[in-house]
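Subject: Structure handover and notes

Hi there,

Here is the structure I promised to pass on to you. Please have a look at it first, and then read my notes below.

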Amino acid sequence: MPAAIDAAWDPFSHSTNTVVLADLSHWSPSHSAALYRIDGWGAPYFSVNSSGNVTVRPHGSGTMDHQEIDLLKVVKKASDPKSSGGLELPLPLIIRFPDVLKNRLESIQSAFNCAVESQGYGSHYQGVYPVKCNQDRFVVEDIVKFGSSFRFGLEAGSKPELLLAMSCLCKGSSESLLICNGFKDAEYISLALIARKLSLNSVIVLEQEEELDSVIDMSRKLGVLPVVGVRAKLRTKHSGHFGSTSGEKGKFGLTTTQIVRVVKKLEKYGMLDCLQLLHFHIGSQIPSTALLADGVVEAAQIYCELVRLGASMKVMDIGGGLGIDYDGSKSTDSDVSVGYTLEEYAAAVVQAVKFVCDRKSVRHPVICSESGRAIVSHHSILIFEAVSRSKYRVPTLSSFDVHQFGEQLPEEAHSDYHNLSQSAIRGDYESCLAYADQLKQRCVEKFKDGCLDIEQLAGVDGLCDLVGKAIGASDPVSTYHINLSVFTSIPDFWGIGQLFPILPIHRLEEYPSNKGVLSDLTCDSDGKIDRFIGGESSLPLHELEGENGMKYYLGMFLGGAYEEALGGVHNLFGGPSLIRVSQSDGPHGFAVTRAVAGPSCSDVLRVMQHEPEVMFETLKHRIEEYVDDEGGMAGGIAESFHNMPYLTVGSSCCLTAANGMMKNEYDYYSEEGFSAGVDVVTADDEQWSFVCA
């Protein structure tokens, strides 16, 4: 019987994929580009070069071949030791490309300009960037600078966002809109009114009817005539996660009844001419232009009614919703894709507004949008390392092993073993799996009762795994352990199941022979990525052992919106290091214009109200009390405080490296300061201000 089992399973030890593998010998970067759908979600900003590395096309479709930036070279420049010409920044790493950001702004503006011109629209498009998408100082300043020539403005949803928007727009166009959204108190409204005193084009958008009383009161106290907008709750909404913010039950906005009351109150106070803007939001990631046009038509009708009621309407703010095709499918029924181009989106908006206004003989309004996701998603790439791979290896069992195994089984399990054997001989693989599972469950119960030892249970597990492998039912997916916190760097995946394109940024000339899921550093079972674009539950990946021991780098793309602002410090993992890279005429085609190391252990401890200096002193005194510290243990601990929380792959531990060094070789914390004796890159380090590659 054991021999029969062995013989029955033997045919499955032969590979059935020889033809496929022969074809894979001709694997090329173009095959990888298709496998990871790069041409779908990445165009026109990302591609794969002949070396098998992901490249960035900083000027979109206008990028010339010599202007493409090899992403691996950027990562090497950032992470290599200073002795090798690198910046020695620890990973994970966010790479920003301001040139991509500029191109996104120009592309959106161009799409609307073309729609306005081709349709004979009587006004213009003037967008704003909602700073909540990414409040990074340099991102916001870049947007103001790049968009100044076409009056691009900002949108704020809180007091700190309003303060940064006011400050940044002092360097922008005087015509740029400053849209003031969100819930407001007297201080928020006062800031918005002060902005008008500073010749900033601020518009207070009423999210709640009660806010109008504060606007009227504060405007009188400050002697400032406000410009007011109303946010309308439309009936139009789309299904899916992102549509939940719209419709009559949406969190923000006024009903038609409330809008009419606002008009009457403004008229009562002689301020109806202050009402100049209508705002609405169908929802993020609007999937189709049909739904978009339906919502815009409804809003345009409200706009025309406000004109009829005597308001001095000038601007229609269509809100956000311009979507990103995260999976390259061009689908209209998915939260991670959209079925239109920038040009089709703009044309649908302009056409809908023009149609309604022409029908009502109303002057065409300025069209404003708050397309934050579409502006900043592409310009930022998260780079991280896969540091190890784990995969359960099915044990091999000879005929003798199987025979011995059968003899050692408890009496009650013999029938299951017999049935399993007979099914294998008949080639009834479905029954094989059923009897193998039954055998395993029976033996687990015997183990719990103390009737089976751990070696016997391990034998049962091994046999059942062998059965699964033999008939092709075993799980071939490996777990790749990544030097990253999902909660810190990709919180939307954990929180709402948002999918992002993830792929190796190099070795794409090689066939990725493994299937893997990604497991992060946190001590949390949710800290994993096991769903990928295209509906896949695993990601094609390579063996970790590359040429010359090169590390294995993965990139998450299209994550420039929301992820940094939403990320927390779960397990006290802080944010990644960061560099800004611009296209240049240097030998590698790029220049690093800013480089900042990620938060240290001390930094994240302070976030949770700890005092690293005091903690170090406590540990230092403990070392002095218990340890003969000739090896410099205190210095090693000091260095740990100032290192990033992530794994330092391929280098020695600062604590063991300190062994044999004297105490005076380290800078300890003192009343004058706390130093770790390492070169920590900060925003103020002059040496990082500009580095050509």
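Helices (H or I, at least four residues) and strands (E, at least two) are DSSP runs, numbered from the N terminus. The model is a predicted one, in which local features need pLDDT of at least 70 and side-chain atom pairs count only at pLDDT 80 or more, while totals for chains, interfaces and linings use all residues. Residues are numbered from 1 along each chain as its sequence is written, and side-chain values use heavy atoms, with hydrogens and water left out.

**The chain as a whole**

The secondary structure comes to 25 helices and 22 strands. Of the 693 residues in the chain, 52% are buried; here buried means under 20% relative accessible area, exposed means over 50%, and partly exposed lies in between (1.4 Å probe, protein chains only). Taking contacts (heavy atoms within 4.5 Å) between residues at least 6 apart in sequence, 75% join residues at least 24 apart.

Let me start with helix H23, residues 612-626. The expected span of a helix is 1.5 Å times one less than its number of residues. For the 15 residues of H23 that gives 21 Å, and the end C-alpha atoms are 21 Å apart, which agrees.

Which residues of H23 are buried? They are Pro-612, Phe-616, Glu-617, Lys-620 and Ile-623. Seen down the axis of H23, these buried residues fall within an arc of 135°, so they line one face of the helix; the arc is that of the directions from the helix axis to the C-beta atoms. As background, an α-helix has 3.6 residues a turn, so residues three or four places apart point the same way. The face of H23 turned away from the buried side carries Glu-625 and Tyr-626, which are exposed.

The buried residues of H23 pack against helix H22 (601-607) and helix H24 (633-642). H24 itself is mostly covered, with eight of its ten residues buried: Ala-634, Gly-635, Gly-636, Ile-637, Ala-638, Glu-639, Phe-641 and His-642.

The axes of H23 and H24 come within 10 Å and cross at roughly 160°. That makes H23 roughly antiparallel to H24. For reference, axes are lines fitted to C-alpha atoms, for helices over the stretch in contact, and angles run from 0 to 180 degrees between N-to-C directions. Angles under 35 degrees count as roughly parallel, over 145 as roughly antiparallel, 65 to 115 as roughly perpendicular and the rest as oblique. The H23 and H24 crossing is right-handed; a crossing is left-handed if the near helix is turned anticlockwise from the far one by less than a right angle, and right-handed if clockwise. On the H23 side, Pro-612, Met-615, Phe-616, Leu-619, Lys-620 and Ile-623 meet Met-633, Ala-634, Ile-637, Ala-638 and Phe-641 of H24.

**Helices H17 and H18**

How do H17 (residues 429-448) and H18 (residues 454-470) cross, and at what angle? Their axes come within 10 Å and cross at roughly 165°. That makes H17 roughly antiparallel to H18, and the crossing is left-handed. Among the residues making the contact are Cys-432, Leu-439 and Phe-447 of H17 and Ile-454, Leu-457 and Val-467 of H18.

**Backbone points to check**

Most residues other than glycine have a negative phi, and most peptide bonds are trans. Two peptide bonds to look at are cis: Ala-43 to Pro-44, with omega near 0°, and Leu-91 to Pro-92, with omega near 5°. Pro-44 sits in the loop between helix H4 (38-41) and strand S1 (46-48), and Pro-92 in the loop between helix H5 (71-79) and strand S4 (93-96).

Arg-507 is not a glycine, yet has a positive phi of about 65°. Arg-507 lies in the loop between strand S15 (502-504) and strand S16 (514-519) and, at 10% relative accessibility, counts as buried. Leu-558 also has a positive phi, near 65°. The loop that holds Leu-558 runs between strand S19 (552-556) and helix H21 (563-566), and at 1% relative accessibility Leu-558 counts as buried.

Is Ser-174 buried or exposed? At 58% relative accessibility, Ser-174 counts as exposed. Ser-174 is in the loop between helix H8 (159-169) and strand S7 (177-180). Leaving aside residues up to four places away in sequence, Ser-174 touches Ser-199 and Asn-201.

Best wishes
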